[in-house]
Amino acid sequence: MFSFCTDPDLLTTAPWMACYLTTGVHMSFYISFLKVLGILAVTAPVALAFGFGGAMAARSRLLPLSIFGKGYIAIVRGVPDIAFFLFFVIALDQGFEWLRHQALCPDWTDPIRQGNDFLVCPRAKLPLGTAPQTVHQLYAFGLAVITFALVFGAFAANVIFGAMRAVPKAQLETAEAYGMSPRQTFWRILVPQMWVFALPGLSNLWQVLIKATPLLFLLGIEDVVYWARELGGTKTPRFTSYPHGDWRMWYFLALLVFYLFMTWGSEKILKRLMKRLTRGQATTGGEAQRKGVAA
């Protein structure tokens, strides 16, 4: 906030706008963009790990593990994202509180389920009622990471499972002929080449993940969509010192530019990564690079 912002009613257009855009609530709006970037930075590798684990389970020779992996892929992919987010976050939160309730309050005699209410002892609440606001925000952020990772991990597992099957079988047989163990064949032959086939699908999944971050609003996190709606709505002099009309269109236009920039930048980076991965590989991209160098 600038020093000349003490009385907004006396300001002209440019100073008024400068003061308006540097209020405390606008700082929260700007920080919410960092929350989106943070959820992407944490969720992407976690979802990829879930996907890799799910794909390995799905192709396992152990029937129970294979059923688990294929079931995880089929069930999560078959449920609409918004329904899964709304259900799973509540179920996960109540599951954590139930476990804490069993451990911390063994003498509790009242039923936990009382009609539509889920009531545990005060010590079992997550987070505790006395916890700072930062703890509540980190807890919500953690639930969001787990939920996003589970959902997009299932899609990643399906992509990786298909990519593993796309690696030419002759190369795996050649590795075995040279005396490689199944473990060596998997990590030295299958996995390095699998990424070439998986990257197009994972690239699309990354773009979908970027566009899914507005669902943070449904998980109780004050994200960019929340603040755009709150700040853009009509404000009267009775409720704010910076009254204005319905400016939601401009706030959501800023979100449009932000997400377009994110997807455009991602395309550039992923294109370079694909070019690097296909170098020397027996794929269309690798052959094109080889012929280009030869020419």
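The model is predicted, so local features need pLDDT of at least 70 and side-chain atom pairs count only at pLDDT 80 or more, while totals for chains, interfaces and linings use all residues. Residues are numbered from 1 along each chain as its sequence is written, and side-chain values use heavy atoms, with hydrogens and water left out. Helices (H or I, at least four residues) and strands (E, at least two) are DSSP runs, numbered from the N terminus.

**Nonpolar cores**

- A nonpolar core here is a set of buried Ala, Val, Leu, Ile, Met, Phe, Trp, Tyr and Cys residues joined through side-chain atoms within 4.5 Å. Buried means under 20% relative accessible area, exposed means over 50%, and partly exposed is in between, using a 1.4 Å probe and protein chains only.
- The largest such core runs to 67 residues, and F29, F148, F152, M164, M194 and L255 have the most contacts inside it. Helix α5 (residues 133-166) gives the most to this core, namely 17 residues.
- Take M164 as a way in: setting aside residues up to four places away in sequence, M164 touches F52, A55, M56, R59, F186, L190 and M194. Contact means heavy atoms within 4.5 Å.
- There's also a second, separate core of 6 residues, with I112, F118, C121 and A124 among them.
- As background, nonpolar side chains tend to be buried together in soluble globular proteins.

**Helix α9**

- Helix α9 covers residues 248-277, which is 30 residues, and at 1.5 Å a residue it should span 44 Å; the end C-alpha atoms sit 43 Å apart, which agrees. The expected span is 1.5 Å times one less than the number of residues in the helix.
- Buried positions in α9 are Y251, L255, F258, Y259, M262, T263, G265, S266 and L270.
- The cover over those buried α9 residues includes α1 (13-20), α2, α7 (182-212) and α8 (224-232).

**Salt bridges**

- The count comes to 3 salt bridges, where a salt bridge is a side-chain nitrogen of Lys or Arg within 4 Å of a carboxyl oxygen of Asp or Glu.
- E97 pairs with K125, with the closest N and O atoms 3.6 Å apart. E97 lies in helix α4 (residues 81-104) and K125 in the loop between β2 (117-118) and α5, so the pair ties together parts that are 28 residues apart in sequence. E97 counts as buried at 3% relative accessibility, whereas K125 is partly exposed at 33%.
- E230 and R229 bring their side chains together in a salt bridge at 3.2 Å, N to O. E230 is partly exposed at 30% relative accessible area, and R229 is partly exposed at 39%.
- R248 bridges to D246, with the closest N and O atoms 2.7 Å apart. R248 counts as partly exposed at 37%, and D246 is partly exposed at 42%.

**Aromatic pairs**

- Searching the whole structure turns up 18 aromatic pairs. Rings of Phe, Tyr and Trp (its six-membered ring) pair if their centres lie within 6.5 Å; planes under 30 degrees apart count as stacked, over 60 as edge-to-face and the rest as tilted.
- W16 and Y242 make an edge-to-face pair, 5.6 Å centre to centre with 65 degrees between the planes. This pair links distant parts of the chain, 226 residues apart: W16 is in helix α1 and Y242 is in the loop between α8 and α9. W16 is buried at 15% relative accessible area, and Y242 is buried at 6%.
- F29 and F33 have ring centres 5.1 Å apart and planes at 70 degrees, so this pair is edge-to-face. Both lie in helix α2, 4 residues apart, about one turn of the helix. F29 is buried at 5%, and F33 counts as buried at 16%.
- F29, Y30, F33, Y251, F258 and Y259 form one aromatic cluster.

**S60 in its loop**

- S60 sits in the loop between α2 (24-58) and α3 (63-78), and at 21% relative accessibility S60 counts as partly exposed.
- Leaving aside neighbours within four places in sequence, S60 is in contact with L65 and S66.
- The S60 side chain also reaches the backbone nitrogen of L62 at 3.1 Å.

Note on methods. Polar contact = N/O pair within 3.5 Å; in protein donor to acceptor, adjacent residues only side chain to side chain.
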